[in-house]
Amino acid sequence: MEEISKSDSSIFIGQAVAVAGTVMRNTLANIPQHKLFEFPVDEDVQLGFSIGFALAGFTPISIFPRWNFLLLATNQIVNHLDKMKELSGDNSSPKLIIRTAIGSENPLHPGPQHTGDFTAAFKLMCRNLEIIKLEKESEIYGEYMHAFTRNDGISTLFVEEMDLYN
């Protein structure tokens, strides 16, 4: 995230991005404060806001601490972001990076609303969104840098394993 933050086009949007609250916040500790947009728990609006910034030329990294939270933004992902190129007649394909996670069950199980994995279902629903499940720490840097530097207008949804943070 630090490397991505060096670009003028990068911004970070989500819950617990500017304040403590999730383990993902630790990956943003050295990001300049002016690049962090803290959002309330309103996932559909957050992703709509992120798409708007992407249409304006930014590359937002929109962070949803758990898959179960990201489900509330399914409308924006499936009906808007994934179809934007088709809806605009190939004139617009905003690049957005979405981060979400599968909650860790150790050392304490957070409950069924924090441990869902909907990767397979989203791969069935989205034709134009690359969905990558990061299962090894060694994959993280290269995959994020590829998503950030790509020039094909494809947005990427990253699914992280919270167990990698333990």
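Just after helix H2, Gly57 takes a positive phi of about 105°. Helices here (H or I, at least four residues) and strands (E, at least two) are DSSP runs, numbered from the N terminus. Keep in mind that this is a predicted model, where local features need pLDDT of at least 70, side-chain atom pairs count only at pLDDT 80 or more, and totals for chains, interfaces and linings use all residues. Residues are numbered from 1 along each chain as its sequence is written, and side-chain values use heavy atoms, with hydrogens and water left out.

Now for H2 itself. Glu43, Gln46, Leu47, Ser50, Ile51 and Ala54 are buried in H2 (under 20% relative accessible area, with exposed over 50% and partly exposed in between, using a 1.4 Å probe and protein chains only). These residues sit on the same side of H2 because they cover an arc of only 135° around the axis, going by the directions from the helix axis to the C-beta atoms.

Here are some of the elements that cover them, where contact means heavy atoms within 4.5 Å:

| Element | Residues |
|---|---|
| strand E1 | 10–14 |
| strand E3 | 59–63 |
| helix H3 | 67–70 |
| helix H5 | 84–87 |
| strand E4 | 97–102 |

Helix H4 is also part of that cover. On the H2 side, Asp44, Leu47, Gly48 and Ile51 meet Asn75, Gln76, Ile77, His80 and Leu81 of H4.

Ile77 belongs to H4 and is buried, with a relative accessible area of 0%. Leaving out residues up to four places away in sequence, Ile77 touches Leu47, Leu70, Asp82, Ile98, Phe122, Cys126 and Leu129.
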